[in-house]
Amino acid sequence: MATPQVQETQQQGTGGKAVVNDFSMTVATKNGSGSQTSNLTLLRALFKMGIPVSGKNLFPSNIQGLPTWYTIRLSKQGYLARRATHEIVVAMNEDTFVDDLASVAPGGAFYYGDHLKFEINRSDISVYSFPAKKFAKESSAPATLRDYVANMAYVGVLVHMLDIDMGKIREALEYHFDGKEKPIAINMGVIEAAYEWAKTNLTKTDPYRVEAMDKTAGFIMADGNTAGALGAIFGGVQFMAWYPITPASSVAEGVSQNIDKFRTKEGQQGKTYGIVQAEDELAAIGMAVGAGWSGLRAMTSTSGPGISLMTEFVGLAYYAEIPVVIWDVQRVGPSTGLPTRTSQGDILSTYLLGHGDTQHILLLPGSASECFEFGWKSFDIAERMQTPVFVMSDLDLGMNTWMTKPFEYPNTPMDRGKILWEEDLEQLKDWQRYKDIDGDGIPYRTAPGNKHPRSAWFARGTGHNDAAKYSERSEDWERNMQRLRRKFITAASYVPKPEVLGDGKAKVGILSYGSADPAILEARDYLAEGGIATDYLRLRAVPFTDEVKTFIENHEHIYVIEMNRDGQMHKILRLEYPEQTMKLISLAKHDGMPLTAKWVQEAIELQEK
């Protein structure tokens, strides 16, 4: 396999040879123009042709009408990371036309609607124009919808020029419109009209096209936020309070839109859950903590600014030992930052969120299917450990559509942890809410509904003794804080273990997490071809399990790769393993864009020279 640089050079001069299923295609439109339907139709049709694909939406954070881009990467090798180059560009926005034309890789193809009147100053690419608005105007779409279906014109043109299977396009539309024939017919009409026009009027001069493969069997397509929401439903979520924020809103929307479909039981009357859109983030986390104290499986979802507002209630849940699940779909900060760009910038602050000595459990999903898994598993861990659990996703993973493994439904009973009911209390002679009976730092709890006279306890964020009685005695405070530290160490036995790839013989180790994973997997292939063998550990949770320490000890040096400015996970590793500090090398990228394999490859090669 060629390195990215060589690969791009080869594609620039293909010598007339076709480039099949190995390029990136970007569509430039305006936000709110309805292009998402067109772009997802292309993405899903290519996936249904068996071609590994990934799609990424780059959209503005403020108002309708500003530029937006959608990139589809096709990779016969199965690589899903973002590429910085664009072999095919479709321009539908006059505001970005000049830059879009300039962005086409040499030897690439540029398509544009002929209503855009600009000089074409490139002779090193193939250029095709088409009457984008003609097909919508002549379609059966109502006048109010013609601007939206006009984007289907480029779908029809690309179907002809790239040899996309028209039958798969229809299947994609049937999925998108849930089988509703009228919108399917309107959109197919525009696509077929554009296809026939392109067949008659355009002569292909670029090498890029597609062919059916069999590389997507056994995979599905999903976005991380919806997957996480479904995981929460299958994990038994009973209460959710949330406040809208990009890019986390679709977690709550996914729960709300799907829970009635799956939360049914014969003979059951009424709902078995509560979902509240709160007035702000403080109210949302307050309600969720209250529900967790009440014995419900409770959650909220937000992003960095919301996490900041939730800090005080999270501290209460940590010290009062109340289970609650918090999804942090990260975006670029600080402050409002870049609300529609991706980042892993909340890792360090969330790990230590709160005042005083605090450490939190972080789950780090690396795929949409893992978002589903952590959607349900987070409740088990939160209840077992009686503490807040943060699921640290990000915009790229949460809002983009991914090719991913099918979801694995929970096959074990729910873990409610050390929860006592009437018969338990009857047997216990000496139950105290915060007493560490087992030596693992985890006390036993009761929940409202337990009618035993000794079941009640007073939840408080102030100092307390083992019996949950108010106490300012220094020895009570120190014993409690030491027990919480002991409980955090115990948590390493319950969180997901990391995924380790490689034969363990390489001198170079790579350690990363979350949506950086596709770029790492691809870069390792290129590094190997260049003579740099690597082993790779993908973190799935904090606190770190024994595998992390062993991985660091067994390699000469470790590159910690993440998407923030300061190398936040690198700092946590140095805190936890101070004796290994000299081995740990931070490679951090913070441009708001998903990581590329090329950046990873070049950053490591630069260090290894």
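Tutor: Gladly! Let's start with a pair of residues: Leu501 stands opposite Tyr536 in β20. Before we go on, please note that this is a predicted model, in which local features need pLDDT of at least 70 and side-chain atom pairs count only at pLDDT 80 or more, while totals for chains, interfaces and linings use all residues. Residues are numbered from 1 along each chain as its sequence is written, and side-chain values use heavy atoms, with hydrogens and water left out.

Student: How do you know that β18 and β20 pair?

Tutor: Two strands pair if DSSP finds at least two bridges between them. Strand β18 (residues 499–501) has three bridges to β20, in the antiparallel sense, so the pair meets the rule of at least two. Strand β19 (residues 508–513) is joined to β20 by six bridges, and these two run parallel. On that side, Tyr513 stands opposite Leu539 in β20.

Student: What makes a run of residues a strand or a helix here?

Tutor: Both are DSSP runs numbered from the N terminus: a helix is H or I over at least four residues, and a strand is E over at least two. Counted that way, the chain has 22 helices and 23 strands.

Student: Why is the chain called as compact as a globular protein of its length?

Tutor: Its radius of gyration is 27 Å, close to the 25 Å from the globule rule for 609 residues, so the chain is as compact as a globular protein of that length. The radius is taken over C-alpha atoms, and the rule is 2.2 Å times the number of residues to the power 0.38. Along the principal axes, the C-alpha atoms fill a box of roughly 85 × 65 × 40 Å.

Student: Why is Arg538 called buried?

Tutor: Buried means under 20% relative accessible area, exposed means over 50%, and partly exposed is in between (1.4 Å probe, protein chains only). Arg538 has 5% relative accessibility, so it counts as buried. This arginine lies in strand β20 (residues 534–539), where six of the six residues are buried. In the chain, buried residues make up 57% of the 609.

Student: Which residues point the same way from β20 as Arg538?

Tutor: Thr534 and Tyr536 point that way with Arg538, while Asp535, Leu537 and Leu539 point the other way, and all are buried. In a regular strand the side chains alternate between the two faces of the sheet.

Student: What does Arg538 touch?

Tutor: A contact means heavy atoms within 4.5 Å. Leaving out residues up to four places away in sequence, the contacts of Arg538 include Glu370, Glu499 and Asp517, along with Tyr513.

Student: What makes strand β4 largely enclosed?

Tutor: Seven of the nine residues in β4 (residues 67–75) are buried, so the rest of the structure largely encloses this strand. Strand β2 (residues 22–30) runs antiparallel to β4 and is joined to it by nine bridges, with Ser24 opposite Arg73. Strand β3 (residues 53–58) also pairs with β4 in the antiparallel sense, over six bridges; there, Lys56 has Thr71 as its bridge partner.

Student: Is Leu348 buried, partly exposed or exposed?

Tutor: Its relative accessible area is 23%, so Leu348 is partly exposed. Leu348 lies in helix α14 (residues 347–351) and touches Gln568, Lys571 and Ile572, residues up to four places away in sequence not being counted. For contrast, Ser378 in helix α15 (residues 368–385) has 0% relative accessibility and so counts as buried.
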